[in-house]
There are 2 protein chains.
Amino acid sequence: MNVMKVETADLTNAMRALGRAARTAATQLAMTDGATKDNALRAMAAELRLRGADILAANAADMSEAKAKGLGAALLDRLMLDAKRVEAMAKGLEEIAEQRDPISRVLSEWDRPNGLKIARISVPLGVIGIIYESRPNVTADAGGLCLKSGNAAILRGGSESARSSAVIVECLQAGLRAADLPIEAIQTVPTTDRAAVGILLSMHDLIDVIVPRGGKGLNERVAAESRIPVIMHLEGNCHTYVDGDADFEKARTITVNAKMRRTGVCGATETLLVDRRVTALIPTLIDDLIKAGCEVRGDDAFQAADSRVKPANDADWDTEYLDAIIAARVVDGVGEAIEHINRHGSKHTEAIITENPSAADRFLREIDAGILIWNASTQFADGAEFGMGAEIGISTGKLHARGPVGCEQLTSYKYLVRGTGQVRP
Amino acid sequence: MNVMKVETADLTNAMRALGRAARTAATQLAMTDGATKDNALRAMAAELRLRGADILAANAADMSEAKAKGLGAALLDRLMLDAKRVEAMAKGLEEIAEQRDPISRVLSEWDRPNGLKIARISVPLGVIGIIYESRPNVTADAGGLCLKSGNAAILRGGSESARSSAVIVECLQAGLRAADLPIEAIQTVPTTDRAAVGILLSMHDLIDVIVPRGGKGLNERVAAESRIPVIMHLEGNCHTYVDGDADFEKARTITVNAKMRRTGVCGATETLLVDRRVTALIPTLIDDLIKAGCEVRGDDAFQAADSRVKPANDADWDTEYLDAIIAARVVDGVGEAIEHINRHGSKHTEAIITENPSAADRFLREIDAGILIWNASTQFADGAEFGMGAEIGISTGKLHARGPVGCEQLTSYKYLVRGTGQVRP
């Protein structure tokens, strides 16, 4: 018991030292010009390529431990790195370097009748704590985005990817060193002890924002424990609605892509809604999905259309499968589609397939979600696909950032007021 | 005991009914055009003028109860309404109506190489819960700002101002009715029971954002209890720094105004910092302040300059007096001023008085605060003074809104993605 207490105190001290070092680095980063940050990002990319073999060796060790522990195929796929994925990490950092500097931009400026000149300029958030699960590439993306936006990062990856992430962070810190920036700008929590997360969430004097990037359990823990503001990445219970005025070929290709391109991403469609006016399309849609390897759980109309369809129950409408399963039902036009989505959706990404602009406008206007898509796949919900270079997650909250969180979303602002001696009457 | 439980359950039910009604109203408000909202705002202003006598009578009852309870002079001043203050409320609503509609604005738009057209458009936050203390005019400002930004408001004012606020809300609801908008767009918590605040903070499915506008106790309670995102209005421990290159007359008038114009506002200066190069100015600065009725608590240099100066202790540098007291010390130039402010300030509003542009630039760049002022009074920290029409508070947080929170800060955004059948490779 006594020993445990000492260990916890030691861990708290270690974590707070990490936080203080991050705060000091953040102060320096806030003053760093864009070119220096971009040099660091390019040096990081070069180092990742140079140490590709080390990264793959560390990842192989992570993978064999994960297999021994019996991790599922989806998790193993997230954890696995190969030469292509290492190159993608390096390229991602170079793409972040190509983005414009999000800091010290004049967001707006105006003069007041009393002569005061007011400007709103972008500034970094400060220190960002990022808690994520198995994917080691998040280490590079998150570190790179935080640096670009002038923030210090404290990364807490999953224990499964600890070895891989450690080598990746060495590469990131080598890039910082090459640009004469403090290596404390990107740090990792030096233990896989789960208590470290609790300590992190309590460090509201040293951390400005927490970004949880994981499953429900992590999100609930963060919501319950953190007194630090959070940019929340919640589940994506996304819908594709095939309207009565849909182009049938678009509906077919988009539906299969939205569900099956990758089933484990948050922008994957989980529920298919079909307008009652085009129930004739249902057998083909079902057949396409089943041929692509998808289980279909449908309402009465879907079950009647194809005997391979399983019955959907109430819980299906609220489930983010992240798997090759889709819930499907008929609705009475765009109105009922909107109603269904506003009730069951998670405010992430919703798509309508239609050639009718007024139905599309209504869908885009009346649904409360971060991303609304007309005639394209929900799988485009992604910072890189939006042209942001990379993302740290997709925000399902309404405060601060919504949708893909790229480097511009990791900034705050301050007002500069320039006077000539004005006092307030 | 049993009775208490029943009461709590009743209160919870009543609060949740309030929340559901607000949610329904918010859905309608989100679709309401700007002209209709502005008509409602002008009708509210007209109703406030029409019912001025009722408001003053209700306020007189609030005031006499507050006096009987022994409330302090500063609180009584905040609570007190007169014809001029009622007119100011009405005028404030008309000024909010004059602002451009913050909703459905295209914030940015761009095309992707694959032909997807992406637009980011402003949307309301949804339902906003506002918890504030004695000032009844907050009722009109907050209700008006929420309406303008398409949000439903649940207002929870201080028990001292309950009668005044009730009549003001009747006026606001009359304005909503005149514009055919649901009166549930602006509701008040129907009890002064403190348990209602706890229930409000727990309604994360029905309320999107909490705005606490009160003292430390309220802020701490909200931080501890709320799982709803918060736009935090914390204390304003603001500084005025007189640089070695200051214009002496500007320094004198600004210092007295920044401290003494109104001592109870969050933008009032609480600490005066003077550059060691201009210690010769200190006796005059002290004399100005004391003549204006201010107590000066100084370091050794200030005490040596004037025998009326009391010694400042460590706690003074961290204190928001909200009173006719100022802490004062000498610093070694702009560098030490920045260091002092970044250690002791509350990230609210900080001012430098100097004719030296590079000292000003450094001060404005290196201090982490919502508002940085050069050669003007910190008392300009105010949404109306910024040209925002009104404000719901001054945010000292970094997420979402920083500085004055006007109607534009009460919005979120969503992405609209328009395609022609694109699927993701």
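**Two-fold arrangement and chain contact in a predicted dimer model**

Chain A can be laid on chain B with an RMSD of 0.0 Å, by a turn of 180 degrees and a shift of 0.0 Å along the axis. This is the relation of a two-fold axis. Within chain A, A:His400 has the C-alpha nearest the axis, 1.8 Å from it. Superposition of copies is by least squares on the C-alpha atoms of residues with pLDDT of at least 70 in both. The model is predicted: local features need pLDDT of at least 70, side-chain atom pairs count only at pLDDT 80 or more, and totals for chains, interfaces and linings use all residues. Residues are numbered from 1 along each chain as its sequence is written, while chains are lettered from A and ligands numbered from 1 in the order in which they are written.

The contact between the chains takes 50 residues from chain A and 50 residues from chain B. Residues are in contact if their C-beta atoms, placed from the backbone, lie within 7 Å. Three elements of chain A, α10 (248-260), β13 (371-376) and β16 (411-422), each supply at least two residues of the side that touches chain B. Helices (H or I, at least four residues) and strands (E, at least two) are DSSP runs, numbered from the N terminus. The most is given by β16(A), with eleven residues. By class, this side of chain A has 23 nonpolar, 16 polar and eleven charged residues. Ala, Val, Leu, Ile, Met, Phe, Trp, Tyr, Cys and Pro count as nonpolar, Asp, Glu, Lys and Arg as charged, and the others, Gly among them, as polar. Of the interface residues of chain A, 100% are also interface residues in chain B, so the copies meet through the same surface.

Strand pairing crosses the contact. β16(A) pairs with β13(B) (residues 371-376) in the parallel sense over five bridges; pairing requires that DSSP finds at least two bridges between two strands. A:Arg418 has B:Trp374 as its bridge partner in β13(B).

Within chain A, A:Ser122 lies in strand β2 (residues 117-124). A:Ser122 is partly exposed, with 18 other C-beta atoms within 10 Å (buried means 20 or more, exposed 12 or fewer, partly exposed in between; C-beta atoms are placed from the backbone). Beyond residues up to four places away in sequence, A:Ser122 touches A:Pro102, A:Ile103, A:Ser104, A:Arg105, A:Leu107, A:Thr411 and A:Tyr413. The C-alpha atoms of A:Ser122 and A:Tyr413 are separated by 4.1 Å, although these residues are 291 residues apart along the chain.

Conventions: Contact = placed C-beta atoms within 7 Å.
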